[in-house]
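Please read each point alongside the displayed coordinates.

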Amino acid sequence: MKKAKELTVLCDAEVSIIMFSSTGKFSEYCSPSTDTKKIFDRYQQVSGINLWSAQYEARTTFISEFHRMQNNLNHLKQINRNLRREIRQRMGEDLDGMDIEELRGLEQNLDEALKVVRNRKYHVISTQTDTYKKKLKNSQEAHRNLLHELEMRDDHPVYGFIEDEPTSYEGALALANGGAHMYSFRVQPSQPNLHGMRYGSHDLRLG
């Protein structure tokens with residue numbers, strides 16, 4: 001650094017030094033009459049070596065990409081503002097700046113949107129109505145089947161159903177052997193003179 005300063009003073013030379021030590025320490029000196037960039041520019045002119053081409057190209061690319069992203073961001077912000085304003089206008093707000101043509105267009109858009117909503121509503125109602133009709137039809141069919149079964153039982157009075165007899169010996173024996181229920185069916189004779197007869201243990205029982 002001392003020799004560079006001496007050359008600057010004694011020889012009226014333009015001197016620039018950039019130095020890094022073994023530990024990475026940076027040191028710099030430049031003649032007071034100039035700066036480091038001017039020294040580099042003069043070096044390029046004399047040597048024919050373009051020291052700034054790669055740096056300028058990278059910087060230009062970065063600036064161009066930055067401007068492109070900035071323009072894209074501004075475009076998206078404008079779209080967002082337009083959509084928000086359109087939503088407010090569809091809700092009946094922010095209508096002061098609209099002229100007659102814009103108001104007519106808004107009215108037409110609202111009418112078309114209302115038609116779409118009504119068609120969707122009618123479709124949902126029709127679908128639900130069809131579903132309820134199917135459920136009602138199934139319920140009616142199940143009801144008719146139950147009535148048919150009851151009529152079949154009424155048409156065959158020969159067999160009578162006897163409730164469980166848990167206190168009887170047979171019922172207790174069935175429960176002790178793991179049976180959950182015991183049902184008894186007694187044959188009803190069709191002859192009147194046999195109605196008074198009992199069959200005792202010969203009654204038909206199902207466990």
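1. At 57% relative accessibility, Phe-20 counts as exposed; here buried means under 20% relative accessible area, exposed over 50%, and partly exposed in between, with a 1.4 Å probe and protein chains only. Phe-26 has a relative accessible area of 44% and is therefore partly exposed.

2. On the basis of these values: this is a predicted model, in which local features need pLDDT of at least 70 and side-chain atom pairs count only at pLDDT 80 or more, while totals for chains, interfaces and linings use all residues. Residues are numbered from 1 along each chain as its sequence is written, and side-chain values use heavy atoms, with hydrogens and water left out.

3. A search of the whole structure returns one aromatic pair. Phe-20 and Phe-26 form this pair, which is tilted, with 5.1 Å centre to centre and 45 degrees between the planes. Rings of Phe, Tyr and Trp (its six-membered ring) pair if their centres lie within 6.5 Å; planes under 30 degrees apart count as stacked, over 60 as edge-to-face and the rest as tilted.

4. Helix α2 comprises twelve residues, 36–47, and should span 16 Å at 1.5 Å a residue; its end C-alpha atoms are 16 Å apart, which agrees. The expected span is 1.5 Å times one less than the number of residues. Helices (H or I, at least four residues) and strands (E, at least two) are DSSP runs, numbered from the N terminus.

5. Which residues of α2 are buried? They are Thr-36, Ile-39 and Gln-44. These cover an arc of only 140 degrees around the axis, which puts them on the same side of α2; the arc is that of the directions from the helix axis to the C-beta atoms. On the other side of α2, Gln-45 and Val-46 are exposed. The cover over the buried residues of α2 includes β1 (16–20) and β2 (26–30), where contact means heavy atoms within 4.5 Å.

6. Just after α2, Gly-48 takes a positive phi of about 80 degrees.

7. Asp-12 lies in the loop between α1 (2–10) and β1. Although not a glycine, Asp-12 has a positive phi of about 50 degrees. Most residues other than glycine have a negative phi. With a relative accessible area of 69%, Asp-12 is exposed.
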